[in-house]
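Thanks for making time this morning.

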Amino acid sequence: MNRTIEIIIGIIGEIQIDAVGFKGPDCEKATKFLEEALGVVGQKIKKPEYHQSVSKANQQRIGE
């Protein structure tokens, strides 16, 4: 799945940021710059994907 950041601006100027396709705390890392640029953060809702673990493969090369 492609990872995207959706920014939705409501009629009265409220802004919603949605990190789609991210797992675990990667979504917070991806949207941090937007939150800092916009200033005050209201409510954060963590989707089920936030609670999924991010698998990282450990690799080791020997003899190269």
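Predicted model: local features only at pLDDT ≥ 70, side-chain atom pairs only at ≥ 80, totals over all residues.

Residues are numbered from 1 along each chain as its sequence is written, and side-chain values use heavy atoms, with hydrogens and water left out.

The protein chain has 1 helix and 2 strands, in the order β-β-α along the sequence, where helices (H or I, at least four residues) and strands (E, at least two) are DSSP runs numbered from the N terminus. Of its 64 residues, 16% are buried, buried being under 20% relative accessible area and exposed over 50%, with partly exposed in between, for a 1.4 Å probe and protein chains only.

Turning to the strands, β1 and β2, the latter covering residues 15–20, pair in the antiparallel sense over 6 bridges; pairing here requires that DSSP finds at least two bridges between two strands. They form a hairpin with 5 residues between them, and Gly13 in the turn has a positive phi of about 95°.

Finally, is Ile9 buried or exposed? Ile9, which lies in β1 (residues 4–9), counts as exposed because its relative accessibility is 60%. Its bridge partner in β2 is Ile15, and, leaving aside neighbours within four places in sequence, Ile9 is in contact (heavy atoms within 4.5 Å) with Glu14 and Ile15.
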